[in-house]
Amino acid sequence: MDFAWSDQQRELLNAVGRFASQQLNYDVIENDREGIFNHEAWKKCGDFGIQGLLVPTDYGGLGTTVAALERLGYACRDNGLLFSINAHMWTAIIPLVYNGSEAQKKKYLPGLCNGTLIGGNAMSEPNSGSDAFSLTTTAIKKGSRYILNGSKIFVTNGPIADLLVVFATVDKTRGTDGISAFLVEKNSPGMNVARKLEKMGLRTSPMAEVFFENCEVPEENLLGKEGGGAFLFTRSMTWERGCILASAVGSMQRLLETCIRYANERKQGGQSIGKYQLVASKIVDMKVRVESSRHMLYYYGWLSGHRKSVYLEAAMTKLHIADCWVKCSEDAIQIHGGYGYMTEYEVERELRDAIASKLYSGTSEIQRNIVASMLGL
Amino acid sequence: MKILVPFKSVPDPNDATFAGEAASASKSVINPFDEIAIEEALRIRERGEATEIVGVTIGAPSVDEQIRAALAMGVDRAIRIDDARALDPYAVARILRAVVEKEAPHVVIMGKQAVDDDSNQVGQILAGLLGWPQATFVSSIEFLDNKTRARCTRETDAGLEVVELDLPAIITTDLRLNEPRYVSLPGLIRARRKPIEVLTCDQVGVNVRPLTTVLAVARPPKRPAGTRVESVEELITKLKQEAKVI
């Protein structure tokens, strides 16, 4: 496998970096404090082509896509915006690309790709998180409609989404085989986007609890087959696991560079703090984490691009990058000392944002379970 | 309507240093005023008033990167006149005249000047050579009478001047005409499939040599550090005796 970029790929990655660094980094501290989603930046990303990175796929394969997302994470400091984009891409666009009918694709994909529509999914419920398929939201067919009842929690983009992929069971007695996916548009009668959830980090990415009370969904909005929801969700999750932390690798690279700069500039005891081995050692650890994460990410991209099985690799990639991101963020604060704890230095936010990566798209414990099961344990 | 947009590759003004005879930078970009001209041409096409936008630039193969950037913005095709020499405005205008005669555009839109040499002459000389009307330092463009005329707002020292001119014409753009778009990822992909025609001066039938030569480029002298005075009296004394301005 060859991870060297062609001139064309480099041109594309540089364009992403230039766009993100110049267009997406305003009001980040204020938006984080107030929990404000940057709609304008979302639209700019759509116009530029970020949300459409998966459709069409002639950008040079998935390897280029994950590298583009990595570059986005490096150049854009609004991790919440990137999290919203990720949720949108992996949980709304991917299921549509794979399982959508031509009519569904035609209706929703252009808007989802150009930034005019915001998507997300509704899977987790108050009593089903890691054990996702034990969901209890029901979808009962009545004539040409499905009637949805139940409640969903931790719905990323919930308060702003135009379209949610909602998972519900058409028949509880069928277990996993009863789970189906539905395309539910905002303001559907009976859908209620309730309280916005306050979070520790990723505060610029809105999240909500969503209730369905006799919510009517036309049958043409069934996504994939009836009972095909679990398979659809698993595929979407494999994509998400493998790719969602691509931008985190970029974030880590940015943190690393910030720390190197600070360690060279900051003088204590008559020398740059980078000359102290305890500081240098932390930075070396950061570098090793960035590189190992990047290699796992690119390897995942290479495998996936060559249509090889990535179930195991996606879980390992997610597990490893999440661990590295949290540790790098913690080290970055420590290297910056008291300044690192101050909001204006934009280092503490990184830790708050990073911690969520051990929870979403399957907790780190679930990733370990997947790896363990693939090892025959 | 066909629009010809001449553009120049210049050292990135955000990253330029002066050394020896000319400004240099680690990377080159499309001259920002020309980028405004490209953007305006795209907007004219988007509102259905133009059908084709042709870009033209002069330079060595290294300027292909800026050509691709123009194509990625949305220019339909591009011509590069293969000439690596440092040309003066008269030489550039003569080459462009040959391109205009070959392409027969309805309007030429270009930057009012290039940010590397600030000559501000090419558009005007080109209009003179072609015998075409010109509107320079333009901040708005509107086409009239079934696209046979253009009404342009010019930014002058005295204020805004509105002029009407017959097409074909030369229009040079000022800063406030528009804000150029970002090259999009689909645009970059599409640009790879668009043609770049490479021609020599011989092939377009011109033989130019620069009439002026740049001898040196130097930074302005560094301003000395200021000093803080304790009182008005001291200030007046210094203004009289040191600065000798009062």
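The model is predicted, so local features need pLDDT of at least 70 and side-chain atom pairs count only at pLDDT 80 or more, while totals for chains, interfaces and linings use all residues. Residues are numbered from 1 along each chain as its sequence is written, and chains are lettered from A, with ligands numbered from 1, in the order in which they are written.

**Domains of chain A**

- Chain A splits into domain 1 (7-114), domain 2 (119-229) and domain 3 (245-374), with bounds from an automatic or database domain assignment.
- Between domain 1 and domain 3 of chain A, the C-alpha centres are 21 Å apart.
- Their contact draws on 15 residues of domain 1 of chain A and 19 residues of domain 3 of chain A; two residues are in contact if their C-beta atoms, placed from the backbone, lie within 7 Å.
- On the domain 1 side, helix H2 (28-34), helix H4 (62-75) and helix H5 (79-99) of chain A are the elements giving two or more residues. Helices (H or I, at least four residues) and strands (E, at least two) are DSSP runs, numbered from the N terminus.
- H4(A) gives the most to that side, at nine residues.
- By class, that side of domain 1 of chain A has seven nonpolar, four polar and four charged residues. Ala, Val, Leu, Ile, Met, Phe, Trp, Tyr, Cys and Pro count as nonpolar, Asp, Glu, Lys and Arg as charged, and the others, Gly among them, as polar.

**Met200(A)**

- You'll find Met200(A) in the loop between strand E6 (191-196) and strand E7 (207-218) of chain A.
- Setting aside neighbours within four places in sequence, Met200(A) is in contact with Arg352(A) and Ile355(A).
- Although Met200(A) and Arg352(A) are 152 residues apart along the chain, their C-alpha atoms are separated by 6.1 Å.

**The sheet of chain B**

- Nine strands of chain B make an open, mixed sheet, in the order E11-E10-E9-E12-E8-E1-E6-E7-E13; strands pair if DSSP finds at least two bridges between them.
- Strand E11 (159-166) and strand E13 (196-199) of chain B are at the edges with a single partner strand each, so one side of each has no neighbour in the sheet.
- Strand E7 (residues 77-82) of chain B runs parallel to E13(B), joined by four bridges. Ala78(B) has Ile196(B) as its bridge partner in E13(B).
- Helix H2 (residues 64-73) of chain B packs on the sheet, touching E6, E7 and E13 of chain B, with its direction at about 160° to that of E7(B). Axes are lines fitted to C-alpha atoms, for helices over the stretch in contact, and angles run from 0 to 180 degrees between N-to-C directions.
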